[in-house]
Amino acid sequence: MKINFLFISIITLFTVIFTACDNEVNNIGGSLVNDNLEIDIDSTFVVEGKSIENLRIQSRTVTQLLGSISSKEYGTFSSEYITQFMCANKIDTVGVSAEDIDSLIVVLNIPKGDIVGDSLIPMGLEIYPLTKQLPSPIYSDFNPEGYYDASKKLSSQIYKCNVAGENDTVKAYESRYVYAKLPVEIGRELFRKYKQKPELYSNPEDFTNVFPGIFVKNSYGSGRVMRITQTSMRMYYSKHTKTTADKDTVISNVGYYFATKPEVVTDNLIDYTMSESLKKKIDNGDNIIVAPAGRDLEITFPALDVVKAYRERAGKLAVLNALTFKIPVNAIENDYEIAPPTNIMMILSKDKDNFFIENKLADGVTSFVAEYNSKTGYYEFTGLRNYMLDLLKKDEIKPEDYTFVITPVSLVTTQEASTSYYYYSTQEKVNAVVPYISSPAMAELDLKNSKITLTFSRQVTKK
């Protein structure tokens with residue numbers, strides 16, 4: 001067992017103990033003034049784990065995936081999606097009639113670079129109408145049969161996802177767009193119903209009774225998967241008005257009235273078949289995670305050993321400083337540049353399902369989030385101190401207290417401004433932790449070389 005010692009003066013003793021102490025269990029020693037302080041670091045713990053299936057993920061995000069790829073290292077992946085729409089509570093009706101609606105266009109918004117595969121490959125999509133409100137919660141293995149009308153194809157489109165041949169202005173856009181034209185009569189009917197009962201457009205649930213939503217299917221091609229941050233419907237129309245000289249005129253307008261939002265139900269229908277090479281790695285004992293739907297990692301955190309080491313060496317007068325967990329990542333080479341997921345969450349196995357259903361945030365006691373550092377090749381969980389404190393309170397530590405699942409997640413964040421007389425700054429705030437949907441992802445987590453570091457301060461008597 002590797003131990004490092006550092007002796008600190010009486011002034012430093014006050015600083016460390018009062019800084020670390022937060023009135024939680026085992027934070028003792030603030031009144032001791034005639035002794036030195038010893039910093040004890042232990043990093044000899046062993047973590048065991050195994051790759052487990054995670055073929056069904058809950059939809060908790062507006063992100064949509066569309067397309068398909070086949071990689072000999074990753075496998076075959078495809079995603080289609082179904083979505084409802086949020087409607088603007090006010091539609092322009094002044095000087096406009098239903099017959100003035102010229103067209104209704106579905107627009108898929110793809111942030112620049114948010115694709116896996118070849119942006120030049122022509123692929124096809126089809127759009128069908130939903131026939132009733134979608135259930136909630138909803139999962140990636142949802143069967144849309146009975147929820148859409150397969151006999152009423154609304155649109156069929158061959159598309160690419162690049163700006164080759166476009167002017168410099170278009171090339172500079174931060175997003176790429178795919179357009180699909182819907183029957184104009186749908187737009188006109190939406191306009192008529194708004195004029196009849198505008199109150200039905202005031203909330204998503206009522207609006208699904210007017211327009212339940214759409215099913216966007218793959219129809220042609222393979223070799224690309226796109227991350228769509230928003231699907232919207234643009235209504236193009238003519239508006240009868242007057243000029244400043246009081247003469248009748250007609251102007252062309254576009255209404256951005258319908259879009260996917262967090263308040264409506266959206267679900268990616270994911271189909272994934274793992275490659276033989278990846279199966280072989282797992283069969284050989286490699287700890288593989290695959291996303292969006294594929295494999296999680298179940299681990300046995302050495303909680304009993306960590307608590308034992310602390311109790312044996314800390315004594316009665318000690319302060320727990322930190323507990324961290326660092327995992328090396330081996331990226332798996334592949335022909336689509338499929339990378340490790342940006343974030344992973346470690347959560348007690350018994351709590352995973354309810355965590356997403358109840359829209360919880362990582363609490364630092366039963367759940368923790370780590371970000372992939374591509375420069376160092378590590379995930380690192382740094383905030384396990386409160387988890388350790390919670391263990392120390394228990395009379396008996398059971399397997400359910402140290403059996404965790406590591407699963408890929410995405411963080412929904414906003415920038416919050418902070419101002420004072422002297423400076424202005426922004427801070428990123430995490431609003432939600434959702435199952436990872438962003439793109440195909442995979443990695444091997446090297447548990448054999450992972451490192452758990454326990455750090456605590458203890459009082460030692462001068463001789």
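Start with F301: in this predicted model, leaving aside residues up to four places away in sequence, F301 touches V306, L323, F325, L384, Y387, Y402, F404 and I452. F301 and F325 touch the most other members of the largest nonpolar core, which has 42 residues. Apart from that core lies another one, made of 38 residues, among them Y194, Y201, M226 and I228. As a bit of background, nonpolar side chains tend to be buried together in soluble globular proteins.

Now for the sheet. Five strands line up as β6-β15-β14-β7-β11, forming an open sheet with antiparallel pairing. Which strands stand at the edges? They are β6 (86-87) and β11 (175-182), and each has a single partner strand, so one side of each is left without a neighbour in the sheet. Helix α3 (residues 184-196) packs on this sheet and touches β7 (101-111), β11, β14 and β15. The direction of α3 makes about 100° with that of β7.

Strands β14 (residues 230-242) and β15 (residues 248-259) are antiparallel partners, joined over 11 bridges. Pick Y237, and its bridge partner in β15 turns out to be N253. In general, strands of a sheet pair through backbone hydrogen bonds.

What about cysteines? Here are two of them, with the cut-off for buried being under 20% relative accessible area:

| Residue | Relative accessibility | Counts as |
|---|---|---|
| C87 | 8% | buried |
| C161 | 7% | buried |

A disulfide is a covalent bond between the sulfur atoms of two cysteines.

Conventions
Residues numbered from 1 in each chain as written. Predicted model: local features only at pLDDT ≥ 70, side-chain atom pairs only at ≥ 80, totals over all residues. Heavy atoms only, no water. Core = buried A, V, L, I, M, F, W, Y, C linked by side-chain atoms within 4.5 Å. Buried < 20%, exposed > 50% of the residue type's maximum accessible area, 1.4 Å probe, protein only. Contact = heavy atoms within 4.5 Å. Pairing = 2+ DSSP bridges. Helix = DSSP H or I, 4+ residues; strand = E, 2+ residues; numbered from the N terminus. Axes fitted to C-alpha atoms, helices over the stretch in contact; angles between N-to-C directions.
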